Amino acid sequence: MAISIYDVIQGPVVSNKAYKASQSNKVVLHVHKNANAVMIKEAVEKFFDVKVAKVNTLITVGKRRRVGRAFIDGAIKKRAYVTLKDGYKLSFFDHIESNVSKKD
């Protein structure tokens with residue numbers, strides 16, 4: 001089954017590590033587990049109107065836990081660390097940054 005370009009990006013990753021990556025012109029996204037770097041690059045460039053320099057992917061396997069007698073494996077998730085070219089910016093943390101500056 002082919003992946004549509006609309007199914008590639010599933011949402012942003014909101015964490016401390018993703019926030020630190022955004023400081024160095026990177027964006028961290030949850031992506032479809034079968035998407036490759038070329039698909040991710042095309043989707044980001046189309047939807048966010050930015051130019052992508054590099055895409056790194058990371059697959060995480062969920063923890064195994066016990067439910068009664070059975071074991072259940074957690075969900076497989078894939079993240080993409082997208083590095084943007086110079087002059088382009090994409091941030092999901094604008095609201096957080098504005099609240100931090102108001103407190104100071």
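How much space lies in the largest cavity? About 40 Å³ of space lies there, a cavity being a set of points on a 1 Å grid over the protein atoms alone where a 1.4 Å probe fits but cannot get out, and a volume being the space filled by probe spheres set on the points, which are joined across faces, edges and corners. This is a predicted model, in which local features need pLDDT of at least 70 and side-chain atom pairs count only at pLDDT 80 or more, while totals for chains, interfaces and linings use all residues. Residues are numbered from 1 along each chain as its sequence is written, and side-chain values use heavy atoms, with hydrogens and water left out.

The count comes to one cavity of 30 Å³ or more. Its lining (residues with an atom within 4 Å of a point) includes Val13, Leu90 and Phe92. Helix H2 (16-23) and strand S2 (26-31) each give two or more residues to this lining, and S2 gives the most, with three residues; helices (H or I, at least four residues) and strands (E, at least two) are DSSP runs, numbered from the N terminus.

| Class in the lining of the largest cavity | Residues |
|---|---|
| nonpolar | seven residues |
| polar | two residues |

Elsewhere, the whole structure holds one salt bridge, a side-chain nitrogen of Lys or Arg within 4 Å of a carboxyl oxygen of Asp or Glu. The side chains of arginine 64 and aspartate 73 meet in a salt bridge at 3.6 Å, N to O, and both arginine 64 and aspartate 73 are exposed, that is, over 50% relative accessible area with a 1.4 Å probe and protein chains only.

Methods
1 Å grid on protein atoms, 1.4 Å probe; cavity = no way out; pocket = protein on both sides within 12 Å on 5 of 7 lines; lining within 4 Å. Nonpolar A, V, L, I, M, F, W, Y, C, P; charged D, E, K, R; others polar. Buried < 20%, exposed > 50% of the residue type's maximum accessible area, 1.4 Å probe, protein only.
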